[in-house]
Every structure is written in structure tokens, then in C-alpha cells.
Amino acid sequence: MDGLDPRSLDVFRAILETGSATAAAHRLRMTQPAVTRAIAVLEQQTGLNLFERGKFGMRPTPQGELFAIEVQRSYSGLARVKAAAAAIRQGLVGELVIAALPVLSDGFAARALGGFAVAAPDVRIGIVHLPADEMVRRVLAGSVDMALTAGPLVETPGLSWTAFGHRPMMALVPLSHPLAERSVVEVPDLKGTELVMYMPVNPYRGILERAFAAQGVAMTFRIEVMTLRSAARVGLTAGLISLVDSEIAAEAIAQFPGVRAIPFRDARSWEVIAVY
């Protein structure tokens, strides 16, 4: 394990991010055979089988995924050192880096960090948008100080978290829709109703799937989006129902008069969680 070539680690990370030796070679301006040799040498030096090869390209083995965490910690440490040096040059005495779901970073987190910036003028602050699973990896790797995500969270060694808020779910219903006069919307009301749904990486997708499954109702959708704001806008444009949290619902009501926000009873409130 002594004397690992930093360039081999660069190649390893590039393949992780691109999914193939060819794409990694293009990114690093190397030949594809050189990339393949670098990984072969790294596997020999570490004694690990780092990648599975196939028609799908190259994806990390379980050993490769664990090795990737350690490599990321090393690179994150270097990045933090560079950032610290830049902060020192600017006269700042600290740094806070937070990862957050887009819906939180654009709303709650933005307001909270604005207040923190006033209270701590000597601290450099950064906020990045990431999917929930990637945020957890970044916290474990030390590349961010904390993450703001949606709960509940699975017990994970090395992580602590605090739930400090709840955001109820609402159904955004166009005024022309038959459900627009309801005071409450429940899962059975949505049977056979076309919805705007979230991609599987969005925590809301799991929350809704569990709510529908508990009632034995199949979700109906043909549009999948990544964020809550996208769901609201697409739904309003297409005349479809979207299920969003209370903050996004309030924004939609303020911007689009032709919609109602109706409490969605069958899904638990979304916990806002700080992970560190």
C-alpha cells in the first residue's frame, strides 16, 4: 500500500464519476489503455477488486465503494485546506459548508444562513444542492459540515441528526379539477387520478409510495420531476395535481391564483433533519 500513485487515484475518481474508462480518459486527457493500466496497478497495490466491468461500463464493487469513501475523505481534506487558506487570505476565521435538498436550500436554509451570516460575520459560508443519499456520503467523507434533508433517516454509523421541524404535505389542485372543492384530500380520492410524481432519488417519492401502498392504491403518473418546485409548476401548467410541502404550496398560491392548496391527510409530515 506504500507509494500509491496520486494519478491512479485521480483515474479511480474519474471512473466513479463517469462510469467508464473511455469517459474518464477523455476527462483526464489520457488514452483509454493508460486509464485501464492505472486501475490495474491500483488494484494490484491495494489488493482490492475495485470495479465490475461489463456492457454497462465500469461500476464499483462493494470493495470499490468502501475504498471510494476513504479516497473522498483524502480529497475532501485537501479541498478544505485550500478553502481555509483562501479564507485566511480574506481575513475570515472559519468556514461552514452545508449540503441541502434544493427545496430547503432555496427556502428555510437560505433564511437561516442569512441570519447566521449576520451573527457570525467572520465565517465563510457555502451551501450546495445535493440528492439525499449523496449528502450522507459527503457528511461521512467530511467534505461538508452538515446536511439538511428529509426524514425519517435510517440509522447510520458515524452520523448524528436532529429533527427540528415538520412540514405538512399539501395537494396542489387546479380550480378546474373535480377535487378542488374538497377540504381534505386522501389517498383514495386520488385513485386513477394522474399526478406529477418525483424521481426515485427524491425523498418525497418514498413517502408517497408508502402512503399509497398502505391504502392499497396504485399511483398514476406519466410525468416525473426532480424537485418540488418543478412538480408545482408542471402540475399547474398541465392541469394536474401535485403533492408538495406547505412552503412550496404557499409559493404556488401566491404566484398562481388558479390553484388551491388542500391538506393531504394520508402522508406523514415531512421532518426537516440536520445531519452531522
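Mentor: Start with one term. Contact means heavy atoms within 4.5 Å. Keep in mind that this is a predicted model.

Trainee: Leaving aside its neighbours within four places in sequence, which residues is Ser8 in contact with?

Mentor: Ser8 is in contact with Ala38 and Leu42, once those neighbours within four places are set aside. Ser8 itself sits in helix H1, residues 6-18.

Trainee: Is Ser8 buried or exposed?

Mentor: Use the cut-off. Buried means under 20% relative accessible area. Ser8 has 4% relative accessibility, so Ser8 counts as buried.

Trainee: Which residues in H1 are buried?

Mentor: Here is the general idea. An α-helix has 3.6 residues a turn, so residues three or four places apart point the same way. Now the case. The buried residues in H1 are Ser8, Leu9, Val11, Phe12, Ala14 and Ile15.

Trainee: How many residues does H1 have, and what span does it reach?

Mentor: H1 has 13 residues. From first C-alpha to last, H1 reaches 18 Å, close to the 18 Å expected at 1.5 Å a residue.

Trainee: What follows H1?

Mentor: Gly19 does, and its phi is positive, near 85°.

Trainee: How should I read a positive phi?

Mentor: Most residues other than glycine have a negative phi. Now look at Arg29. It is not a glycine, yet Arg29 has a positive phi of about 60°. Arg29 lies in the loop between helix H2 (21-28) and helix H3 (32-46). With a relative accessible area of 81%, Arg29 is exposed.

Trainee: On to sheets. What is the order of the strands in the open sheet of five?

Mentor: The general idea comes before the case. Strands of a sheet pair through backbone hydrogen bonds, either parallel or antiparallel. In this open sheet the order is E9-E8-E10-E7-E11, and the pairing is mixed. Strand E9 (220-225) and strand E11 (259-263) are the edge strands, as each pairs on one side only. From one strand to the next, the twist averages 35°.

Trainee: In which sense do E8 and E9 pair, parallel or antiparallel?

Mentor: Strand E8 (residues 194-198) and E9 pair in the parallel sense, over five bridges. Leu195 stands opposite Phe221 in E9. Val196 stands opposite Ile223 in E9.

Trainee: Why is E8 largely enclosed by the rest of the structure?

Mentor: Four of the five residues of E8 are buried, so E8 is largely enclosed.

Trainee: Which strands does helix H8 lie across?

Mentor: Helix H8 (residues 203-215) lies across strand E7 (169-174), E8, E9 and strand E10 (241-245). H8 runs at about 135° to E8. Helix H9 (residues 228-238) packs on the sheet too, touching E7, E8, E9, E10 and E11. The direction of H9 makes about 150° with that of E10.

Trainee: How much space lies in the largest pocket?

Mentor: About 570 Å³. The pocket is lined by 16 residues, and the closest to its centre are Leu16, Ala68, Gln72, Glu134 and Arg137. H1, helix H4 (62-89) and helix H7 (132-141) each give two or more residues to the lining. H4 gives the most, with six residues.

Trainee: How many helices and strands does the protein have?

Mentor: The protein has 10 helices and 12 strands. Of its 276 residues, 43% are buried. Take contacts between residues at least 6 apart in sequence: 72% of them join residues at least 24 apart.

How values were computed:
Residues are numbered from 1 along each chain as its sequence is written. This is a predicted model: local features need pLDDT of at least 70, side-chain atom pairs count only at pLDDT 80 or more; totals for chains, interfaces and linings use all residues. Side-chain values use heavy atoms; hydrogens and water are left out. Buried means under 20% relative accessible area, exposed over 50%, partly exposed in between (1.4 Å probe, protein chains only). Two strands pair if DSSP finds at least two bridges between them. Axes are lines fitted to C-alpha atoms, for helices over the stretch in contact, and angles run from 0 to 180 degrees between N-to-C directions. The expected span of a helix is 1.5 Å times one less than its number of residues. On a 1 Å grid over the protein atoms alone, a cavity is a set of points where a 1.4 Å probe fits but cannot get out, and a pocket is an open set with protein on both sides within 12 Å along at least five of seven lines; lining residues have an atom within 4 Å of a point. Grid points are joined across faces, edges and corners, and a volume is the space filled by probe spheres set on the points.
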